[in-house]
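Hi,

Here is the structure I promised to pass on.

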Amino acid sequence: MSKLYINGGKRLFGELTVHGAKNSVLPILAATILCGDECVIHNCPYLSDVDSSIKILEHLGCRCHREGHTLIVDTSNITRCDIPDELMQEMRSSIVWLGAIAGRLGKARLSSPGGCELGPRPIDIHLAALRELGLRIDEDHGYIDCRVIKRLRGNSLHLTFPSVGATENIMLAAVFAQGKTVIHNAAKEPEIIDLQNFLNRAGARVSGAGSDTVVIEGVASLHGAEHSVISDRIVTATYMAAAAVTGGEVVLKKTVPGHLLSVISVFREMGCMVETSGNDIKLISPSELCRFINVQTLVYPGFPTDAGPLVVAAASVANGTSMFVENIFESRYKYIGELRRLGAKIKTANRVAVIDGVSELSGAKVKSTDLRGGAALVIAGLAANGRTEIDRVSHIDRGYEDIEENLRCLGADIKRK
């Protein structure tokens, strides 16, 4: 298993193009099942989660072919409706395949999803909503067996929490449902809009994405479509944090600044100059970062939970005491013990983390606990004196394409072996 080795203290400087969003491309790849035709997905990143999605598609009988960052998927000849346990366990978001497979084939068999262990992410919201569309669901020994009697029926649904995954699952299942489906208290994330745009290019009738009410008018069929995935806002935030802790200056290209307003606000509070122009974000770090007073994770457009570990890592070398509150995942703080090994002074109590900034961190051997926690260790390692060795890099590879090469292009001393 490979590791990352970082010799910290190098100032990051330069330009970097941000790759496509993991949290957009995964539901879009599931949505190609509904098309029953060839789909062309541009700006498709090289991520292990994308590789897992391709394996699922091929297991179902689809054909996939890559040409650089373009993925061509032919879903015309699906032969299976099941996803084996080993593939489901590779991705935490794998439950999103349920709505697509059931919507296309009228039946599906999946095991419970895997991925990062961030605490409970109940799929009850998904299953309850899909049942209201008419999907018969039986749960037995860790498997979910689903079938449709005749055709799914549109319905008015109210989510108890604006879950991104549940919103996506309902959208996918409802595309072929009879009549109209209305999702109230829907998730508003940019990735929901991206999924809507892909579905509509394929002939679906979906509206309202980005608001708390999404409407899906059922159609009889879809066709192939060509689509370019939006840039990854969390990857953008990661490189912003990496520049911030190294006193750097970076320009991140092909971003969507409007998706990052809450993140940009925090970096400005920490003393960074952040400028936006079109699809570019420029961050210039001060000689010494300032604390942030109180950052709390919220559903979009609030501060994203996935960016929490990134700003906590940055605050660990800021001047003063910062407070961070995690409101989405109760087990998000597993990475903090690893930051402490690098010399960070962080105390946690329930959902609150108090970060007393230190003048310097020191390199150490650490291990990734999850995807964003692993990215936080990379950020801290870039700021630390000496050598940092990061194990369990497979977590990081789920959401970052060539992270070491991109950082090296900006001036970091980092390698994988």
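Let's start with two helices that pack together: H8 (residues 233-245) and H12 (residues 371-383) have axes 8 Å apart and an angle of about 20° between them. Helices here are DSSP runs of H or I with at least four residues, strands are E runs of at least two, and both are numbered from the N terminus. The axes are lines fitted to C-alpha atoms, for helices over the stretch in contact, and angles run from 0 to 180 degrees between N-to-C directions. That angle makes H8 roughly parallel to H12 (under 35 degrees is roughly parallel, over 145 roughly antiparallel, 65 to 115 roughly perpendicular, and the rest oblique).

Which residues make the contact? On H8 they are Ile234, Thr238, Ala241, Ala242 and Val245, and on H12 they are Arg372, Ala375, Ile379, Leu382 and Ala383. Contact means heavy atoms within 4.5 Å. Sorted by class, the contact of H8 with H12 has eight nonpolar residues, one polar and one charged. Here Ala, Val, Leu, Ile, Met, Phe, Trp, Tyr, Cys and Pro count as nonpolar, Asp, Glu, Lys and Arg as charged, and the others, Gly among them, as polar.

Before going further, a word on the source: this is a predicted model, where local features need pLDDT of at least 70 and side-chain atom pairs count only at pLDDT 80 or more, while totals for chains, interfaces and linings use all residues. Residues are numbered from 1 along each chain as its sequence is written, and side-chain values use heavy atoms, with hydrogens and water left out.

Leu98, Gly99, Ala100 and Gly103 of H4 meet Asn169, Leu172 and Ala173 of H6. By class, that contact has four nonpolar, three polar and no charged residues. H4 is mostly covered, with seven of its nine residues buried (buried means under 20% relative accessible area, exposed over 50%, and partly exposed in between, using a 1.4 Å probe and protein chains only). The buried ones are Trp97, Leu98, Gly99, Ala100, Ile101, Ala102 and Gly103. Just after H4, glycine 106 takes a positive phi of about 80°.

Lysine 150 has phi near 65° and counts as exposed at 84% relative accessibility. Asparagine 185 has phi near 60° and is partly exposed, with a relative accessible area of 25%.

Is proline 45 buried or exposed? Proline 45 is buried, at 0% relative accessible area, in the loop between strand S3 (38-42) and helix H2 (48-60). Apart from neighbours within four places in sequence, its contacts include His19, Arg66 and Glu401.

Cheers
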